[in-house]
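Reader: I'd like to go through this one term by term. Could you show it to me and then back up the labels you use?

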Amino acid sequence: MWTLLKIDFKKYFYSRAFWVMLAVYFALLVMFFFGVEKIVNEALKSSSKSSPVTIPAFSIYAFPYVWHNLAFLGGFLKIFLVLIVLYFVTHEFSDKTIRLNIMNGMSRTQFIFSKLLFVLLLSLFSALVLLVSGFVLGMLHTEELTISMITQKAEFIPAYFLEVFTFGMLGMFLGFLIRKPILSIGALAIYYYIAEPIMAAVLPDKISPYLPVEAMGNLIDVPNTALMQMFGVQFRGNVSLQDAFICFVYSVIFTLLIFLIYRNKDL
Amino acid sequence: MEQAILEIRHLSKSYGPIKALNDFSLEVFPGDVLGILGPNGSGKTTTLGILMDILKPDSGEFLWFGQKENKHLARKRIGALLEQPVFYPYLSAVRNLQIVADIKGAGYDTIGEALEMVGLSERKNSKFNTYSLGMKQRLAVAATLLGNPEVLILDEPTNGLDPKSIALIRNLIKEVASRGTTVLLASHLLDEVQKTCTHVAVLNKGKLLHTGRVDEVLNATLRVEVRAEDMDALCVAAGEMKFVADCKREADMVVLYLSGETDAAEINKFFVSKGIYLSHLALKKKSLESYFLDLLTE
């Protein structure tokens, strides 16, 4: 495994495309995390003017809710992270560099595993950004801080990691399946924005939560805000193990499918 | 018997309706410099692609170093250049070779020497996508030399090179071969095979037409011109002769193609025993080229 990491390190570390894409993703994520309260409060202010009841000012960054809020928001940006996965997986095919790896003595299994490690590390990076941002914002916006408040809802960090990782695996699967950079990005976008929402609408409510993107979305439900509580809407404030399990199973299925496809395929 | 470095057993592969390889079997022994000769589209690249696990055969199998399992470990002991040079375009030559060395589990100490051998030392820190076609090809040859491989696989290594580079690569192959490295060289250039190889396998339309030592292949095909008064009787008699692979009537003489060891005295004796006295008898060794061309027109 260390050898695979050492090899992959060279592929990414010296690639300008990698750093540019990672920096853009990082900047988007941090800007989103740190800027979102202002946007929400502005929106609330303007709506409260016309509203007969006054909406209490609140901080979405307060511990322990900050984990849930940021994890939920970060989920919207996961598509940018998957672009990095797609870029590097499909370029191994379009540049034919997968041949360089295989003919010099990497097994096909090792090659697929190295890409899985790549998705894993990117997801860890994203979860780390969440952890640090959440911690900093929570410290700044929480009055009467106790340790238990920080750790209370921290389960949303691994849940966020799983959401991003599973989505990354979907991207990796499409990359290995389609092999062409632009086509695979198009396929992912069509599936994510069009195909699955339609399927989710058409399929009975019992089945649709088991669709991959739905399942990833269910992992972290919409956070409860003061506003929503006022209207009596109550969302799930914790992570269900069942959703986590569904996501994990999807990651395994995507991996197995790639192995199955590449057992007997020309490169 | 000596252990074959490579055993190919009944490999077949089709691309749709086209049979790229048709029941291809071959053995390669340590120290052989085998030329795989055939026109474009004869299955050379397909064969080498299968041997390096880039392509999967429809049927048949192959063994590297007598091993069926863990073929990726065998590939670490092989330096290969397939079809066109592939490297990471945004990485420098040195970094690309470092990746190759990492995959092979070899040290970086041979990288400098390999670049020196193909004359790329000065441009070693340039990105691969700034290289000309010839430089890319030479870098690919350098990559095959990393980690002192036991086998070298080269698919048309002189493709797209200038004459100076061609001479450089050919000398390099000879040098590597002289150290006892087994070489598989695919080429459609007869001259190249004749100059560098000890053995030859001739492929056409995915079928193995002939295999053997280069000098044996040369000896095995003897062109004999004979003339006599009664040309019809001569033709009939020639058909009965041993070793005659083919017999053609050309203008004022009959041309025999022999596939075995024989000499002029024996041929003469044979015709005398049939009551035919030759007025002309000439033995001509064929060049590999005309042999090759004959094979292709069959």
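Author: Chain B has a secondary structure of 11 helices and 13 strands. Bear in mind that this is a predicted model.

Reader: What are the overall dimensions of chain B along its principal axes?

Author: The C-alpha trace spans about 75 × 40 × 40 Å. Of the 298 residues in chain B, 52% count as buried. As for contacts in chain B with a separation of 6 or more, 68% are between residues 24 or more positions apart.

Reader: How many residues of chain B are in contact with chain A, and how much area is buried between the two?

Author: There are 29 residues of chain B in contact with 29 residues of chain A. Together the two chains bury about 2700 Å², 58% of it on carbon and sulfur atoms. B:I54, B:Y88 and B:I103 supply 24% of the area that chain B buries against chain A, more than any other three residues.

Reader: How many polar contacts and salt bridges go across?

Author: The rule finds 15 residue pairs in polar contact across the interface of chain B and chain A, and the salt bridges between these chains number 5. On the chain B side, the elements giving two or more residues are β1 (6-15), α2 (71-75) and α3 (93-104). Of these, α3(B) gives the most, with 7 residues. By residue type, the side of chain B that touches chain A has 16 nonpolar, 3 polar and 10 charged residues.

**Salt bridges, one by one**

Reader: What makes A:K10 and B:D102 a salt bridge?

Author: The closest N and O atoms of A:K10 and B:D102 are 2.9 Å apart. The cut-off is 4 Å between a side-chain nitrogen of Lys or Arg and a carboxyl oxygen of Asp or Glu, so a Lys and Asp pair at 2.9 Å qualifies. The pair crosses between chains, from A:K10 in helix α1 (residues 2-13) of chain A to B:D102 in helix α3 of chain B. Both A:K10 and B:D102 are buried.

Reader: Why does the pair A:R99 and B:E83 count as a salt bridge?

Author: The side chains of A:R99 and B:E83 meet at 3.8 Å, N to O. That is within 4 Å, so the pair counts. This one also crosses between chains, from A:R99 in helix α5 (residues 97-103) of chain A to B:E83 in the loop between β5 (78-81) and α3 of chain B.

Reader: Why is A:R99 called buried, and why is B:E83 called partly exposed?

Author: A:R99 has 16% relative accessibility, and buried means under 20%, so A:R99 is buried. B:E83 has 42%, which falls between 20% and 50%, so B:E83 is partly exposed.

Reader: Which other salt bridges can you point to?

Author: A:D266 and B:K13 meet in one at 3.0 Å, N to O. Within chain B, the side chains of B:K56 and B:D53 form another, with N to O at 3.0 Å. B:K56 has a relative accessible area of 18% and is therefore buried, the limit being under 20%. B:D53, at 13%, is under that limit and so is buried. Salt bridges that share partners also join A:D8, A:K11, A:E92 and A:K115 into one network. Over all chains the count comes to 19 salt bridges.

Reader: What makes helix α3 of chain A mostly covered?

Author: In helix α3 (residues 65-74) of chain A, 8 of the 10 residues are buried. Among them are A:W67, A:H68 and A:L70.

Terms used. Residues numbered from 1 in each chain as written. Chains lettered and ligands numbered in written order. Predicted model: local features only at pLDDT ≥ 70, side-chain atom pairs only at ≥ 80, totals over all residues. Heavy atoms only, no water. Contact = heavy atoms within 4.5 Å. Buried area = accessible area lost by both parts, 1.4 Å probe. Polar contact = N/O pair within 3.5 Å; in protein donor to acceptor, adjacent residues only side chain to side chain. Helix = DSSP H or I, 4+ residues; strand = E, 2+ residues; numbered from the N terminus. Nonpolar A, V, L, I, M, F, W, Y, C, P; charged D, E, K, R; others polar. Buried < 20%, exposed > 50% of the residue type's maximum accessible area, 1.4 Å probe, protein only.
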